[in-house]
Amino acid sequence: QVQLQESAGPGLVKPSQTLSLVCTVSGDSITTNYYYWSWIRQPPGKGLEWIGYIAYSGTTYYSPSLRSRTSISRDTSKNQFTLQLNSVTPEDTAVYYCARYSFGLLFYDYWGQGTQVTVSS
């Protein structure tokens, strides 16, 4: 059974600061072929928004609207991947999820439980 667990996160981040979240994966290696380890968020009252992924190969790809402020990295020794979002604003307030995208199944087959991040001074 694959499990993804977001770090508790900062909860509250001040505008212009950097948001950092870690997703710890168990039950599978983040280097297993053809899986894409993704970050997705849901602002209050809105739909899901894809942020980006780091692939099994280590390749990253980001949403064009967030690319300039986003970095996703990984630590294979800990089986973790990390989201950094710079220069946050209140519009970045959301529940942040990590998820695994299966290239074979063409959908997100495992999700973390989500962590709330609020950007406010």
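A residue counts as partly exposed when its relative accessible area falls between the limits for buried, under 20%, and exposed, over 50%. In this predicted model, Tyr-34 has a relative accessible area of 48%, so Tyr-34 is partly exposed.

The structure holds 14 aromatic pairs. One of them joins Tyr-34 and Tyr-56, whose ring centres are 5.3 Å apart. The planes of these two rings meet at 75°, so the pair is classed as edge-to-face. Tyr-34 belongs to the loop between β3 (19-26) and β4 (35-42), while Tyr-56 belongs to the loop between β5 (49-55) and β6 (60-62). The two residues are 22 residues apart in sequence, and the pair therefore ties together separate parts of the chain.

A further edge-to-face pair is formed by Tyr-36 and Tyr-53, with 4.9 Å from centre to centre and 80° between the planes. Here the partners come from strands: Tyr-36 is in β4 and Tyr-53 in β5, 17 residues apart, and the pair links distant parts of the chain. Tyr-36 is buried, with a relative accessible area of 16%. Tyr-53 has a value of 21% and is partly exposed, because the buried class requires a value under 20%.

The charged end of Arg-100 is placed over the ring of Tyr-35, 3.7 Å from its centre.

Methods:
Residues numbered from 1 in each chain as written. Predicted model: local features only at pLDDT ≥ 70, side-chain atom pairs only at ≥ 80, totals over all residues. Heavy atoms only, no water. Phe/Tyr/Trp six-rings, centres within 6.5 Å; stacked < 30°, edge-to-face > 60°. Helix = DSSP H or I, 4+ residues; strand = E, 2+ residues; numbered from the N terminus. Buried < 20%, exposed > 50% of the residue type's maximum accessible area, 1.4 Å probe, protein only. Lys NZ or Arg CZ within 6 Å of the ring centre and 35° of its normal.
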